[in-house]
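Here's a friendly walk through one structure, taken a few spots at a time. Have a look at the picture, then read on.

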Amino acid sequence: YKLIYDNPKTSGSVRNDIRRVIAKAYLKTEKPEAGMNYFLEAYSLAVLNDEARAEAATWLLQAYLSMGELESILPYFKDLTGKKAALYNPKFNVDLIKAGDQLFENGNYDFAILFYAIVKRKDEIVAFYEGAVDQLKLALTYREKGSEEAISIEKRLREAQANLKAVRGIRDYDADVRWRSSRVLQESERIWEALWSFYNLMLDYPKHEQAEEFLFLAFSMANKVNDYVMVVKLAKDYLARPEYTKYRGQITLDLATYYLNNGYPQDFYDLATDYLENPEQDKVAYALNNMLALYLLERELFAELFQRNDAYHRNNPNMRGLRECSSYWKSLALIIQADYERSLVSFNEFLEEYDSRSTFSEDAYYRRAISLYGVQQPDEAYEKFTKFVTDYPESRNRGEAELYMGDIQREKDQLDKALGHYRLVDEFTDRLLFVTKAVFAISEVLEVKR
């Protein structure tokens, strides 16, 4: 081909055909950039031919992509848009996707989305080649068989049929390209656009293998921009689809947090209790139960706090986090209701299992001492309070613990020791109730001593 191309006797039209053959041959090699001279020459000679210029631009794209120099294609970008025949070539469109991916990986998001935007949809390419095949077949009927013109049409027809077969044989990639574009919007912090891009992807491709991912990403974008109307809508949409499980826990927790923090207590309660009836993820159950426990405490629903956490503890033997927090909350519910005998047993069981390894251990040691005092075991209670203030000297419960120890010593007529504890109360707490009690206790002890 090069010999024919370089022959000065070769006519211009033949040279153009041969150049095209040589260019396509280079594009099939591992280093298409080796044909760069032919690509550039074809482009420069196609000043008045939009179709030829577009085809040459597709060759240049593939060469620069192979060289890793995608920035160099930008001057030719205007020729890569529109409805020119070369732009429907399946391989070219695959190369556009590759170019967009390469730009994305390099952090060049603006140009990446441009490349994704000009990828032709599969149905567009199929329709184009179906039309081309029909037109070429029709044109062939008006040409003399074996003529040079007929041979040229037959060649183009075979090429169009091959491309049509190729594009029909590949899976639908339209959703994948749109997903890539949405991902670029996300990474470039165009969050509002990304939100609607992912959401529309899910609506347009509800059966796509990544549809769950699309919906979750839309939810995440809505959460990020605080569009709580969409947060609730998308969360409910996700949770209403039983086949979606991958992000169910996270979405449940995010929605519950929104409900709790924005004045929808009943919605929070219904969502949390429903999930905890049959929890799927331990971390989610742990977080939700802690939120629910605080909700019940705030409303002084102590009996329900105990009942629910007793059930969660018994019914979920394989959920370590949920068992840990439910063990603590049921113990706390008992002591709040002044059921000291049962709370003592419950806190002992908690501390036997978790000792000081739990988030709740500090409070559990303190509450156990109170339980001992409540069942009239003052010596044991004093011992546990003493150990508590030794192990947790900066605890927020330190002031109240000193108050209890002062009361125990006062009951034993150890007035000086009692005064020592009472005088430490305001040093370790600013809670007016405890400080007031300590002040009155000090006055009473001093009156007795007088």
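This is a predicted model: local features need pLDDT of at least 70, side-chain atom pairs count only at pLDDT 80 or more; totals for chains, interfaces and linings use all residues.

Residues are numbered from 1 along each chain as its sequence is written, and side-chain values use heavy atoms, leaving out hydrogens and water.

**Two helix pairs**

Two packed helices are described by the angle between their axes and the distance between the axes. Axes here are lines fitted to C-alpha atoms, for helices over the stretch in contact, and angles run from 0 to 180 degrees between N-to-C directions. The helices themselves are DSSP runs (H or I, at least four residues), numbered from the N terminus.

Helix H14 covers residues 265–277 and helix H15 covers residues 282–298; their axes come within 10 Å and cross at roughly 135 degrees. H14 and H15 are therefore oblique to each other (under 35 degrees counts as roughly parallel, over 145 as roughly antiparallel, 65 to 115 as roughly perpendicular and the rest as oblique). The contact (heavy atoms within 4.5 Å) involves residues including Phe 268, Tyr 269 and Leu 276 of H14, and Leu 288, Leu 292 and Tyr 295 of H15.

How do H5 and H6 pack? H5 and helix H6 (residues 109–117) have axes 8 Å apart, at an angle of about 165 degrees. That makes H5 roughly antiparallel to H6. The residues making this contact include Leu 96, Ile 97 and Phe 104 of H5, and Tyr 109, Phe 111 and Phe 115 of H6. H5 also passes H6 in a left-handed crossing.

**Two residues tucked inside**

Asn 93 belongs to helix H5, which runs over residues 90–105. Is Asn 93 buried or exposed? With a relative accessible area of 1%, Asn 93 is buried (buried means under 20% relative accessible area, exposed over 50%, partly exposed in between, using a 1.4 Å probe and protein chains only). Leaving out residues up to four places away in sequence, Asn 93 touches Leu 87, Tyr 88, Ile 118, Val 119, Lys 120 and Ile 125.

Gly 406 sits in helix H21 (residues 398–411) and is buried, at 0%. Again not counting residues up to four places away, Gly 406 touches Ala 418, His 421 and Tyr 422.

**Rings**

The structure holds 30 aromatic pairs. Rings of Phe, Tyr and Trp (its six-membered ring) pair if their centres lie within 6.5 Å; planes under 30 degrees apart count as stacked, over 60 as edge-to-face and the rest as tilted. Here are two of the pairs.

| Pair | Centre to centre | Angle between planes | Type |
|---|---|---|---|
| Phe 104 and Tyr 109 | 5.4 Å | 55 degrees | tilted |
| Phe 350 and Tyr 354 | 4.9 Å | 45 degrees | tilted |

Phe 104 is buried at 10% relative accessibility, whereas Tyr 109 is partly exposed at 22%. Phe 350 and Tyr 354 are four residues apart in helix H18 (residues 340–354), so about one helical turn separates them. Phe 350 is buried at 0%, and Tyr 354 is buried at 11%.

Ring pairs also link Tyr 365, Tyr 366, Tyr 373, Phe 385, Phe 388, Tyr 392 and Tyr 404 into a cluster. The charged end of Lys 387 sits over the ring of Tyr 365, 5.6 Å from its centre (NZ of Lys or CZ of Arg must be within 6 Å of the ring centre and within 35 degrees of the ring normal).

How values were computed:
A crossing is left-handed if the near helix is turned anticlockwise from the far one by less than a right angle, and right-handed if clockwise.
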